[in-house]
Structure formats: structure tokens, C-alpha cells
Amino acid sequence: MLDGSEHDDIIIHLLAHLAPERRDVFERVLAKARPAPPDIRQVEGHAQYTYDAAMGRRGWAIELLGTFRDFAPEAVAVLTDAIETFEEYDPDWGYENGEHGRVVHALSRLGDAAA
């Protein structure tokens, strides 16, 4: 099903929830959660605004890392790095959750496996 198309992200998202014990699924999410070069794009219809699409892809992957309790040590390493290297782009994550809300949420979902 994964063919390199724009649908891969949706499929990986679903697989992470359906098969969080699979190493191959975890590896794909982990790759998306790691730092990537900026991918600056203009907001359609608002040329004066830009966004970093790489942070968008990384954001959902960071969230998904919280579903992989079987691979918590590796997930924690990437999440710890994200505290320094991930710039939150969605203000909804910061209103009640603080500067690193998305990362902390993923860590909390790992529970005692994160220790």
C-alpha cells in the first residue's frame, strides 16, 4: 500500500494505530519524527505568509510516537531531541500544554515505558 504517493502519510498514521507493535511501522514513523531540512511553502491564496511543511510532517509523527510502547527507548530518544529541535507550529498545542506540549503529550502516552 505504501507507494511513495501523498497517501503514504495517511496510511502510516492508520498503521501506527492498528499495529503499534510492528517494528517496520515504528521505523517509518520514527523517520518522519526526526529533524529534516526546512520545506518552506507559501500559504495558498496568501502569498505574504509561509510555513514549514517539514515541521508539519514532523508534528504528526511526534504525536504518533506515543503509541509505540514496545519501542519506548528509541521513541524517547527522538522525543527528547524534539524538545530542542522541533518548533511548534500549531498554537492549539501551546495554549494549555506549554511550549513543548506535543512532545510532552507523546511522552506521557508512553507512560512507565518511557522511564
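Which helix gives the most to the lining of the largest cavity? Hold that thought for a moment. This is a predicted model.

The search of the whole structure turns up one cavity of 30 Å³ or more. The space inside the largest cavity is about 40 Å³. Its lining consists of Ala82, Phe86, Glu88, Glu99, His100, Gly101, Arg102 and Val103. Now the answer: helix 6, residues 101–110, contributes the most, with three residues.

Next, phenylalanine 71. It sits in the loop between helix 3 (53–64) and helix 4 (72–85). Is phenylalanine 71 buried or exposed? Its relative accessibility is 9%, so phenylalanine 71 counts as buried. What does it touch, leaving aside neighbours within four places in sequence? Its contacts are Pro20, Glu21, Arg22, Arg23 and Phe26. Take Phe26: 45 residues separate it from phenylalanine 71 along the chain, yet their C-alpha atoms are 7.7 Å apart.

Arginine 22 pairs with aspartate 24, with 2.6 Å between the closest N and O atoms. Arginine 22 is partly exposed, at 43% relative accessibility. Aspartate 24 is partly exposed too, at 38%.

Arginine 23 forms a salt bridge with glutamate 27, 2.7 Å from N to O. Both lie in helix 2, four residues apart, about one turn of the helix. Arginine 23 has a relative accessible area of 37%, so it is partly exposed. For glutamate 27 the value is 33%, again partly exposed. Glu74 joins in as well: Arg23, Glu27 and Glu74 are linked in a network of salt bridges.

Now a pair that reaches further. Aspartate 39 bridges to arginine 57, with the closest N and O atoms 3.2 Å apart. This pair links distant parts of the chain, 18 residues apart: aspartate 39 is in the loop between helix 2 and strand 1, and arginine 57 is in helix 3. Arginine 57 is partly exposed, at 28% relative accessible area.

At 62% relative accessibility, proline 38 is exposed. Beyond its neighbours within four places in sequence, proline 38 contacts Asp52 and Ala54. Proline 38 and alanine 54 are 16 residues apart in sequence, but 5.7 Å apart from C-alpha to C-alpha.

Last stop, the surface. Which residues make the nonpolar patch of about 340 Å²? Ile10, Leu14 and Leu18. Leucine 18 belongs to helix 1, residues 8–18. Its relative accessibility is 69%, so leucine 18 counts as exposed.

Methods:
Residues are numbered from 1 along each chain as its sequence is written. This is a predicted model: local features need pLDDT of at least 70, side-chain atom pairs count only at pLDDT 80 or more; totals for chains, interfaces and linings use all residues. Side-chain values use heavy atoms; hydrogens and water are left out. Patches are made of residues with over 30% relative accessible area and no salt bridge: like charges are joined within 9 Å, nonpolar side chains (Val, Leu, Ile, Met, Phe, Trp, Tyr) within 5 Å. Accessible areas come from the Shrake-Rupley method with a 1.4 Å probe; for residues, only the protein chains shown count as cover. A salt bridge is a side-chain nitrogen of Lys or Arg within 4 Å of a carboxyl oxygen of Asp or Glu. Helices (H or I, at least four residues) and strands (E, at least two) are DSSP runs, numbered from the N terminus. Buried means under 20% relative accessible area, exposed over 50%, partly exposed in between (1.4 Å probe, protein chains only). Contact means heavy atoms within 4.5 Å. On a 1 Å grid over the protein atoms alone, a cavity is a set of points where a 1.4 Å probe fits but cannot get out, and a pocket is an open set with protein on both sides within 12 Å along at least five of seven lines; lining residues have an atom within 4 Å of a point. Grid points are joined across faces, edges and corners, and a volume is the space filled by probe spheres set on the points.
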